Amino acid sequence: MANDLETLKRETLSALTAAHTQVEWDAVRVSTLGRSGKLTALLRQLGSFSPQERKERGQSLNRLRDELTALIEERGKEIEEEALQQRLQQERVDVTQPPTVPVQGKIHPISRTIEEITTIFSAMNFRVAEGPDVETQWHNFSALNTPAHHPARTEQDTFYLPPEAGKEEARVLRTQTSGVQIRTMLDDGAPVRIIAPGRTYRADHDATHSPMFHQCEGLVVEEGITLGHLKGCLIEFLRVFFNKPELPVRFRASYFPFTEPSMEIDIGWSKTSGEIGAGADWLEVLGAGMVHPRVLANCGLDPQRWQGFAFGMGVERLAMLKNGIPDLRSFYESDLRWLRHYGFSALSPATLTEGF
Ligand code: PHE
């Protein structure tokens, strides 16, 4: 290869090695292969050589052009890769690092309480089921063994909405999450093991009642389920939830249209100090019972084969008791000072390993 071609090759190579940015690389490319580039100029000068020289030099120049083109391309890819690596380094985020700025937001005690309830029941193999807030009267009452004339309907008097298009019956803002029991059994059949946390509505408003509040329903339907299972499950839940392995729990006969027998469940506490698990007083925290055979039948399940228990709890009530929140209304006031005081850090989710 002629000397000047060697020189051009060497110069181009060292310029390429020195280039580290797209712009520098492009400058080398243009000054070599571009329209007024060095190699292009040498090709143009070919005409001034004798035919013999022209042939040889022409071949060398063409080879050099191919060689340089490949080298330039290769270096271009390297530079692109370098730039990518650099970006990956710089933009790297370690999601496991603690935040460098204080986390402002807090988890609302209602959300936290639902999370804790869900965590405990998940460990007992329950899954979360959901249903609509606007419910049919059939799902909210009739299927739950509460026919139209039943006094329990007025006890839970609520907000009625116009019927769905083409239907006759007024709809209702659900007064309890129990309708989710019905929906789950109809959709999935048995066996069932669900909890259903969600909003509920009743025409009530005073210091201890809100027209909108939260319940968490539970339903187990399996073969051979007994009252013993109900008791074991709920005692375990309450003791873990309140973090009191010795928490006294009392089952008291009661009435719900959709369970038989039905019971209310109390925990031991002290009325004077408010301390849970201490003192001689009882506090009601749950409603429960064995699923009424008629409810199972309404959902297409044979009560001779399937048995179940159901329970329902007020989320606000549990949140108030556990966290010493004195006033129900404060849950819905969106007062940031309140939330900063009673709220939970978003960085420490409810887990059973840490305990609550
Ligand atoms: N739905 C009942 C209530 O709102 C609670 C309950 C649920 C009772 C399931 C028994 C079984 O009062």
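## Close-up views of a predicted model

**View 1. A288 in strand β10 of the predicted model.** With a relative accessibility of 2%, A288 counts as buried, because the cut-off for that class is under 20% relative accessible area. The residue belongs to strand β10. Leaving out residues up to four places away in sequence, A288 touches L230, L234, F256, T259, P261, S262, M263, I265, A310 and F311. A288 and P326 are separated by 38 residues in sequence, and their C-alpha atoms lie 26 Å apart in space.

**View 2. F311 and the largest nonpolar core.** This core has 44 residues, and F311 is among those that touch the most other members, together with I117, F121, F237, L238, F242 and M313. At least two residues of this core come from each of α5 (109-123), β7, α9 (227-241), β9, β10, β11, α11 and α12 (336-342). Helix α9 supplies the largest share, six residues. Contacts of F311, not counting residues up to four places away in sequence, are made with F121, F126, I195, C216, E217, G218, L219, L234, L286, G287 and A288. Another core, of 19 residues, lies apart from the one shown here; L144, V180, I182 and L296 are among its members.

**View 3. The largest pocket and its lining.** The space in the largest pocket amounts to about 1,200 Å³. Of the 41 residues that line this pocket, R202, F213, Q215, E284 and G314 lie nearest its centre. By residue class, the lining comprises 17 nonpolar, 16 polar and eight charged residues. Elements that each supply at least two lining residues are α7 (151-155), β7 (212-222), β8 (249-256), β9 (259-269), β10 (281-291), β11 (307-314) and α11 (315-323). Strand β10 gives the most, with six residues.

**View 4. H292 in the loop between β10 and α10 (293-298).** H292 has a relative accessible area of 16% and is therefore buried. Its contacts, leaving aside neighbours within four places in sequence, are N145, P257, F258, T259 and E260. In sequence H292 and M320 are 28 residues apart, whereas in space the distance between their C-alpha atoms is 31 Å.

**View 5. Helix α4 (residues 51-90) and the elements that cover it.** Helix α4 has 40 residues, so at 1.5 Å a residue it should span 58 Å. The C-alpha atoms at its ends are 57 Å apart, in agreement with that expectation. The buried residues of α4 are R57, G58, S60, L61, L64, L68, I72, R75, G76 and I79. Their cover includes α1 (3-18), α2 (22-33) and α3 (38-44).

**View 6. T12 in helix α1.** Among the helices that cover buried residues of α4 is α1, and T12 is found in this helix. The relative accessible area of T12 is 4%, so this residue is buried. Not counting residues up to four places away in sequence, T12 touches V28, T32 and L68.

Notes: Residues numbered from 1 in each chain as written. Predicted model: local features only at pLDDT ≥ 70, side-chain atom pairs only at ≥ 80, totals over all residues. Heavy atoms only, no water. Helix = DSSP H or I, 4+ residues; strand = E, 2+ residues; numbered from the N terminus. Expected span 1.5 Å × (residues − 1). Buried < 20%, exposed > 50% of the residue type's maximum accessible area, 1.4 Å probe, protein only. Contact = heavy atoms within 4.5 Å. 1 Å grid on protein atoms, 1.4 Å probe; cavity = no way out; pocket = protein on both sides within 12 Å on 5 of 7 lines; lining within 4 Å. Points joined across faces, edges and corners; volume = space filled by probe spheres on them. Nonpolar A, V, L, I, M, F, W, Y, C, P; charged D, E, K, R; others polar. Core = buried A, V, L, I, M, F, W, Y, C linked by side-chain atoms within 4.5 Å.
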